Amino acid sequence: MSKEEFISSGLLELYAMGACSPEESQVVEKHLQQFPELKEELDNIELSLENYAQLHATPPAPSVKEKLMERLFSEDEKPVADQLNSSQDFHPSPVISLQARNTIPIFYKWVAAAVIVLLIGSIILNYSYFNKYHNTQKALAAAEQRLQEKEKSNEAMTRDLNVVTDKYAMPVVLKGTDKAPEAVAKIFWLKNTGQVYIDPSNLPKAPEGKQYQLWAIVDGKPVSGGMIQTSKGIYHIQQMKSFGNVDAFAITLEKAGGSPTPTMDQMVVIGKM
């Protein structure tokens, strides 16, 4: 019998409740030795039975204690300590044989077995439903996360499209230098507002610890236009600092966080208005 067949046979559940015959117990113990991982399965079954018993335990009614105390200390009887200390003869109660006390009609044994089977079935069913519910919740959370990411991507694409198609947008192409001949970037300058947007999608990936910085040449002097965000390699059209009259734009590769002045030998693209 394989490990999977043995688990589905139900012998582990019967073994955990002490309901196995000697022969069945030997079979279980043999498989436990053959497959050590079954010990964890047995521990889980025992824990489930214990949790179920604690969950469904019913405390006795308060009246039970009152009736018991009345029975033990009735007006016609003395406390046990007084009886032992009295001078009257002590007559012990007749001893009930162990065999007589342990004699249980076969009908009740079958009822107990049926209850145990139903209990195991209920535990297995509840565990199965819990797993299905848990897996469904995880799948739903993953789907919601993908939907949110898709919505963010769509919003970014809409913003990019609005900038590109704006009737006041003046595109300026920044071409690669000797530092990065294949690099290209594009500026969108809105003539009516002076707002500046950049599309850095064709810039090389920035090395670790480095970041691209935009510069505007105003009256012959470089003025920082801000840092270009290229996190995770996903570039979108992004708004930069606004300028008045600009002669040209350039982008340099600076240390993360930027530089107060451009590093000229790290210029990757440049373009005139």
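Me: What does the accessible surface of the protein come to?
Reply: About 20000 Å². Carbon and sulfur atoms account for 56% of that. Keep in mind that this is a predicted model.

Me: And what share of the residues is buried?
Reply: Buried residues are 25% of the 273 in the protein.

Me: How many helices and strands are there?
Reply: Eight helices and eight strands.

Me: Which residues touch the most other members of the largest nonpolar core?
Reply: Leu 214, Phe 249 and Ile 251. That core has 23 residues. β1 (169–176), β2 (184–190), β3 (196–199), β4 (210–218), β7 (248–255) and β8 (267–272) each give it two or more.

Me: What is Leu 214 in contact with, leaving aside neighbours within four places in sequence?
Reply: Its partners include Ile 187, Val 196, Ile 198, Met 240, Phe 249 and Ile 251. Ser 224, Gly 225 and Gly 226 are also among them.

Me: Why would nonpolar side chains be buried together?
Reply: They tend to be in soluble globular proteins.

Me: Switching to strands. How do β4 and β5 run, parallel or antiparallel?
Reply: Antiparallel, with six bridges joining β4 to β5 (residues 221–227). Val 218 stands opposite Lys 221 in β5.

Me: Which residue takes a positive phi in that hairpin?
Reply: Asp 219, with phi near 55°. The hairpin has two residues between its strands.

Note on methods
Residues numbered from 1 in each chain as written. Predicted model: local features only at pLDDT ≥ 70, side-chain atom pairs only at ≥ 80, totals over all residues. Heavy atoms only, no water. Core = buried A, V, L, I, M, F, W, Y, C linked by side-chain atoms within 4.5 Å. Buried < 20%, exposed > 50% of the residue type's maximum accessible area, 1.4 Å probe, protein only. Helix = DSSP H or I, 4+ residues; strand = E, 2+ residues; numbered from the N terminus. Contact = heavy atoms within 4.5 Å. Areas by Shrake-Rupley, 256 points an atom, 1.4 Å probe, with all protein chains shown as cover. Pairing = 2+ DSSP bridges.
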